[in-house]
Amino acid sequence: MSKFYITTPIYYVNARPHIGHAYTTIACDTIARRHRMLGDDTWFLTGTDEHGQKIERAAQAAGKTPQQFTDEVSAEFRALWDRMGLTYNDFIRTTSPRHKQGVQALWRRIADAGYIYKSHYTGQYCVFDELYVDAVGSGAPCPECGRPTETVKEENYFFKLSAFQEPLIKLYTEQPDFIRPETRRNEVISFVASGLRDLSISRSTFSWGIPVPDDPKHVIYVWLDALANYITALGYGSSDTTKYEKYWPADVHMIGKEIVRFHCVYWPAFLMAAGLPLPKGITAHGWLLFEENKMSKSRGNIVRAETIIDVLGTDALRYFLLREIVFGQDGSFSFDALVQRYNADLANGLGNLASRTLTMINRYFNGEVPYPSHTAAHSAQEDAIAETATKAIADFGTYFDQFQFSRALEAAWGLVSAVDKYIVENEPWALGDKDDELSRARLGTVLYTSAEALRIVTALAHPVMPDATAKIWAQLGLGDIKNFDLPELRWGQLHLGTKLGEVQGVFPRADKSAITRMQNMEERNAATLASTTTATATPSAQSSATAVAPPPGAPPVAGAQPSAKPPAAVPDGKISIDDFTKVELRVAQVKVAERVKGADKLLRLEVDLGTEVRQILAGIAEAYAPETLVGRKIVIVANLAPRKLRGLESNGMLLAASIDGGKPVLASFLEDIPIGARLK
Ligand code: ME8
């Protein structure tokens, strides 16, 4: 049994979890699950990063003590991971005593080896990235994120990073897999080759951190503190180092591409200085983009995992992220693509294969896996399916081990399509209507072959979609999928006569309303956050990173619920932002426009909202000829209750301006805007 240790970054608690954080954690969970299925002694670590100036300011902005604040947000991350059934073995918090003790032990070891000295630091610091930067002058933009930097003038402890330039280059050269993918490795090599300066590793102008041993006026630089989590969680520096000895070095540190430098330069240098073993590899994935930008709290363009889980389930989110996005590259998230992929691959793909195969075994063979013929009723088609399955098992493993999840899933779904085609060609339902022996033997063969292929895809996909595959496995009569020995997976292991479990659909088809529901949930959440943020943000110019701090006291899973806080007082005659966001204004395109018989002013329009086409009646016939409207983008109130005019239903209302007695003028845009976009 070999050991396997995988880690996620520990997430900052200034922002609540979104699907960017979920992406890394899901990828690690999937890898950990596959390693467990392969029989490896697996340890999967995640946690939260809770010290530093950024968190201290976020707590201030929320009107909480740092400890209160970090307790709350850390609990939200953990609650979400639990709700999603993520199988982390440990959750480390950097404010925990076990971590503090370990970080101080690491500091002492580096200091004892002669790599720490005291000096003065004057330079720019980016609080958002918690990074010392080369920019010049107060307010100069951070080269990483563009935010204004702050001048730091302090007596600090320094780490002799410059001493590690050569050893690091040697490391990257001798272990080409230390940094993956190649593009990130090249960036790191050129960064290190351009020269390394010593690094300030303590701060003395604020206190939210771990005190430097024997000099508590200083707190340890938050990145040294944070990176150490990978060993402190295993008991490094404590009296019980069993886990450290068993699992360290890590097999994989999984990170997003923006924190490569910390992991691939600083972390191995700290470990080298301390004389500790280095991790075996660091893998950096790309960013989830939303509306073309990196999804991040500070951009305000996040999508929460809860929304997707509520509407389509956790497995759908996991499958989508790993199938749709090429791991290592940036990839766009959209609700449309999510629903499309869900319907194509899960509802119509795996789900349909499972339900029709199992339903027919129930109908024609009394719920027992039938006998496949090896003689007259056997055809070359079964051999071809068996071959495709064997290749899918091999390809899935190869791609998965290289973290090419998308290609691995593509290989497995190649088998799903092959079997779909096979079923259509062999028409088992028609064979079922015949009484002769050959047809019956052929029916048994076709259903056996389909069920066996289903079993193989289910076993392969289990780490990616643990819930649905566990259900299909039980429906196949195979018991608990956890007991399955993945290395043994081969074609032809499904036993004849296996009694099926109760058959139930696993992926109900999603209609277009699923997209609208998810969009509405996110918009309501954003509006709630925006309104509460205004109330809690500090006006400080320095706190750009914290001005969007999480609202205090928000429930752990915010869902679509409006804030539990009482509405803010609104002066007479005004409405609150909450009132405004109740009105769903959207861009729609006119597809059909015609006059309504007997009504001079009324036009009947069919408008496309991107997710649906609906009928609207509008009193603009005197101002607009119907043919001039087709193709035009207009604004409609999309969530108005339907009403009837002249016996026709109107589903919404278009917006037009007019003065008393004047002709209405339609609201429109100077720039182009996609259909369905919301006005806010
Ligand atoms: O950087 N796309 O924490 P963090 C893909 N505390 N992944 C994303 C993402 C997106 N849009 N947004 C976030 C920190 N992530 C430090 C780490 S480790 C010793 C300390 C994921 O809360 C991705 O894994 O900013 C990224 O690296 C991480 O969240 C950043 O989380």
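Helices α17 and α18 are roughly antiparallel to each other (angle over 145 degrees, on a scale from 0 to 180 degrees between N-to-C directions). The model is predicted; local features need pLDDT of at least 70, side-chain atom pairs count only at pLDDT 80 or more, and totals for chains, interfaces and linings use all residues. Residues are numbered from 1 along each chain as its sequence is written, and side-chain values use heavy atoms, with hydrogens and water left out.

Helix α17 spans residues 437–461 and helix α18 residues 466–475 (DSSP runs of H or I, at least four residues). The two pack at an angle of about 150 degrees, with their axes 9 Å apart. Leu454, Arg455, Thr458, Ala459 and Ala461 of α17 meet Thr469, Ile472 and Trp473 of α18 (heavy atoms within 4.5 Å).

Lys434 lies in the loop between α16 (428–432) and α17. The C-alpha atoms of Lys434 and Ile675 are separated by 52 Å. Along the chain, these residues are 241 residues apart.

Four strands (DSSP runs of E, at least two residues) form an open sheet. The order is β6-β5-β7-β9, and the pairing is antiparallel (at least two DSSP bridges between paired strands). β6 (131–133) and β9 (199–200) stand at the edges with a single partner strand each, so one side of each lacks a neighbour in the sheet. Strands β5 (residues 116–126) and β7 (residues 150–159) are joined by 10 bridges. Tyr117 stands opposite Phe158 in β7.

Note on methods:
Angles under 35 degrees count as roughly parallel, over 145 as roughly antiparallel, 65 to 115 as roughly perpendicular and the rest as oblique.
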